[in-house]
Amino acid sequence: MADFQTSTHRAKWIFTPHDLMEKYQATNQRAVKTLQQYGATRMEVNIDGSLSYPEPQFDAKDSAEKHSLPKPLSTEEEQLMRVFYEHKIQEVCGAFGFPHKIQATAIIYFKRFYLQWSVMEHHPKHIMLTCVYASCKVEENHVSAEELGKGIQQDHQVILNNEMIVLQSLGFDLIVYAPYRSIDGFIDDMEDFCQVKNDKLQMLKDLRETAKLEVDKAMLTDAPLLFPPGQLALAALRKSNEVHRAVDLERYLERICYRQNSTHTSSELIESLNNIDSWVMKLKIPTAKDMRHIDRKLKSCLDPSSQDDSKKREKRSKHKSRRTSSEIHGVSTDAVS
């Protein structure tokens, strides 16, 4: 049967909401300081996996007033950026037909990486692909970087270059316990608990599949960094059971607390499941349109010269538009006269 509690190993990656916010704020502030010092935030990953800081965008003797620094992303904007690319991980894994285990491992790697770094330091698009690649290797679903890059039209060398910095940021701790496996364990246990006959097996199968969809949502929140996978699985099963009514879940929760000699009561477990539900209810997956403004800010932080090029293109476009408008107006005037 699945364990809904937190083992010593898993506890290493389980935080309180306060600790989590402190980590996000610390990485954000470090990136802001880098922006102020260098005029850019991009951390270049060399082919050997080493890091290079941004080249100063202006002479240190010059006053800051002479230079218009890009506006840094807020912690809230960084959060939206992470959710957007975590959802992209799910889409990429779905497109390749990867099992849920690979998808979950890749998302957890991505989450743990950005406990160490700001999205202003390493673009999440590149880290997303590297996390998928690393997850495939760890879960022994062998896909080459070339095949992965080609499938989503990205340079595979970026994946390989970022692999070492991702592994280092994870402390080479690559073991991930995903809620999907816990769901399977609980479903097997429920068969015994409910003394399920053949005519009721389909209800538990439906319960399992709907619960996995609920876990998909939870994986895009901070919940996997706040609760152990067993509790995420139980929260998903409880939500799924509201639809299928396959089991007396309240009695089942009391039973597993008793059987595991838990130091927590069933009411405390239910409180945790309620908290997980609240995280999922607050989830909003941003669209590409929602991300445009944030993406522009991110690009200018990573590489301010791209902002200058963009402004030049915009000026040329406006100039061309005015010129075309004048020409059309001139032709119209001649025609009238």
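The model is a predicted one. The protein contains 14 helices and 2 strands. Of its 337 residues, 45% are buried.

Helix H11 spans residues 249-259. Its buried residues are Leu 249, Tyr 252, Leu 253, Ile 256 and Cys 257. These five residues lie on the same side of H11, because they cover an arc of only 135° around the axis. The other side of H11 carries the exposed residues Glu 250 and Tyr 258. Several helices contribute to the cover over the buried residues of H11. Among them are helix H8 (179-193), helix H10 (229-244) and helix H12 (266-281).

On the H5 side, the contact is made by His 126, Ile 127, Leu 129, Thr 130, Cys 131, Tyr 133 and Lys 137. H7 contributes Val 158, Ile 159, Leu 160, Asn 162, Glu 163 and Val 166. By class, the contact of H5 with H7 has 8 nonpolar, 3 polar and 2 charged residues.

Backbone geometry draws attention to two loop residues. Most residues other than glycine have a negative phi. Phe 172 is not a glycine, yet its phi is positive, at about 55°. Phe 172 sits in the loop between H7 and H8. Its relative accessibility is 49%, so Phe 172 counts as partly exposed; the exposed class begins over 50%.

Arg 245 also has a positive phi, of about 50°, although it is not a glycine. This residue is found in the loop between H10 and H11. Arg 245 has a relative accessible area of 62% and is therefore exposed.

Definitions and conventions
Residues numbered from 1 in each chain as written. Predicted model: local features only at pLDDT ≥ 70, side-chain atom pairs only at ≥ 80, totals over all residues. Heavy atoms only, no water. Helix = DSSP H or I, 4+ residues; strand = E, 2+ residues; numbered from the N terminus. Buried < 20%, exposed > 50% of the residue type's maximum accessible area, 1.4 Å probe, protein only. Arc of directions from axis to C-beta. Contact = heavy atoms within 4.5 Å. Nonpolar A, V, L, I, M, F, W, Y, C, P; charged D, E, K, R; others polar.
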